[in-house]
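Colleague: Hi! I'd like to go through this structure with you, one topic at a time. Could you start with any term I'll need?

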Amino acid sequence: MRLRETRDAFAHAIAIAEESGAGTLTYVGRFDLAEFAVVLEPAEPLCTARRAFYAAMVALTDALRAYAPPNKQVAIDWPDAVRVDGGLVGGGRLGWPSSAKEDEPPRWLVFGAMIRTVAITEAEAGVHPLASALDQEGFGEAGAVQITESFARHLMRATETWQVDGFDAVAREFLSRLTDQPQTSRAIADNGDLLVRRVGGDGTERRDLRKSLLSSSWLDPKLGGPRL
């Protein structure tokens with residue numbers, strides 16, 4: 001479902017999720033931003049169903065890798081931000097019904113993503129050293145349509161991997177894409193929380209996935225897109 005440039009793919013997918021059902025994909029026709037969202041209908045309790053976010057993030061980074069120049073690193077800042085060679089290009093987010101109970105399957109989930117394809121700011125180079133866009137990273141003609149289509153294909157593949165090999169296979173793929181944290185080991189708990197253990201340290205740090213997904217680390221509400 002293609003939307004006008006002024007629409008919000010994530011918000012629209014949430015609004016129609018219950019009526020449209022699983023597999024519905026919305027996207028916005030913009031030249032500077034790949035913005036899309038997909039409706040999911042998990043068959044497990046919300047507390048574990050949120051792990052679908054990891055499968056979608058694997059698909060999102062695979063979609064970018066398909067167009068990335070050789071030796072370009074596409075990495076994830078846990079849980080939701082995507083960087084190319086260290087520059088922030090966008091990320092993903094997850095929505096679920098406000099009335100959903102943790103121990104029951106939600107009526108729907110919506111995964112949404114934004115990827116900056118073209119840098120359109122007038123600022124001089126170096127003003128926003130932590131931000132980037134696909135055109136600045138040498139992705140060629142990879143625009144919104146190409147990235148959206150690539151994501152859809154890779155999401156189907158990630159879903160099949162989960163169904164055939166279990167979530168652990170998806171977790172390994174996701175963890176392999178996280179930005180480096182020297183001297184640490186990382187794992188994903190049954191409810192999606194990130195478990196971080198530092199080499200030589202005592203105990204394990206637990207990072208709450210549900211709380212982290214309540215706001216997007218990469219999204220600038222004023223810009224309506226990835227932070228600069």
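This is a predicted model: local features need pLDDT of at least 70, side-chain atom pairs count only at pLDDT 80 or more; totals for chains, interfaces and linings use all residues.

Colleague: Thanks! By class, what does the lining of the largest pocket have?

Modeller: There are 15 nonpolar residues in that lining, along with three polar and two charged ones.

Colleague: And how much space lies in the largest pocket?

Modeller: About 460 Å³. The pocket is lined by 20 residues, and those closest to its centre are Leu40, Pro42, Ala52, Thr159 and Trp162.

Colleague: Which element gives the largest share of the lining?

Modeller: That's H4, with six residues. Strand E3 (33-40), helix H3 (52-65) and helix H4 (144-165) each supply at least two.

Colleague: OK, staying with H4: how do the axes of H4 and H5 cross?

Modeller: They cross at roughly 135° and come within 6 Å, H5 being the helix at residues 167-176. Angles over 145 degrees would count as roughly antiparallel and 65 to 115 as roughly perpendicular, so H4 and H5 are oblique to each other.

Colleague: Which residues in H4 and H5 meet?

Modeller: On the H4 side you'll find Ala158, Thr161, Trp162 and Asp165, and on the H5 side Phe167, Ala169 and Val170. Five residues of this contact are nonpolar, one is polar and one is charged.

Colleague: New topic, the sheets! In what order do the seven strands come?

Modeller: The order is E1-E2-E3-E7-E6-E5-E4, in an open sheet with mixed pairing. At the edges are strand E1 (2-3) and strand E4 (74-77), each pairing on one side only.

Colleague: What about E5 and E6, parallel or antiparallel?

Modeller: Antiparallel, over four bridges. Arg83, for instance, stands opposite Leu88 in E6.

Colleague: Which strands does H4 touch on that sheet?

Modeller: H4 packs against strand E2 (25-28), E3 and E7, and its direction makes about 30° with that of E3. H3 lies across E3, E4, E5, E6 and strand E7 (109-116), at about 30° to E7.

Colleague: Last one: what is the order of the three strands in the other open sheet?

Modeller: E8-E9-E10, with antiparallel pairing. Strand E8 (184-188) and strand E10 (205-207) are its edge strands, and the twist averages 20° from one strand to the next. H5 packs on this sheet too, touching E8 and E9.

Conventions
Residues are numbered from 1 along each chain as its sequence is written. Side-chain values use heavy atoms; hydrogens and water are left out. On a 1 Å grid over the protein atoms alone, a cavity is a set of points where a 1.4 Å probe fits but cannot get out, and a pocket is an open set with protein on both sides within 12 Å along at least five of seven lines; lining residues have an atom within 4 Å of a point. Grid points are joined across faces, edges and corners, and a volume is the space filled by probe spheres set on the points. Ala, Val, Leu, Ile, Met, Phe, Trp, Tyr, Cys and Pro count as nonpolar, Asp, Glu, Lys and Arg as charged, and the others, Gly among them, as polar. Axes are lines fitted to C-alpha atoms, for helices over the stretch in contact, and angles run from 0 to 180 degrees between N-to-C directions. Angles under 35 degrees count as roughly parallel, over 145 as roughly antiparallel, 65 to 115 as roughly perpendicular and the rest as oblique. Contact means heavy atoms within 4.5 Å. Two strands pair if DSSP finds at least two bridges between them.
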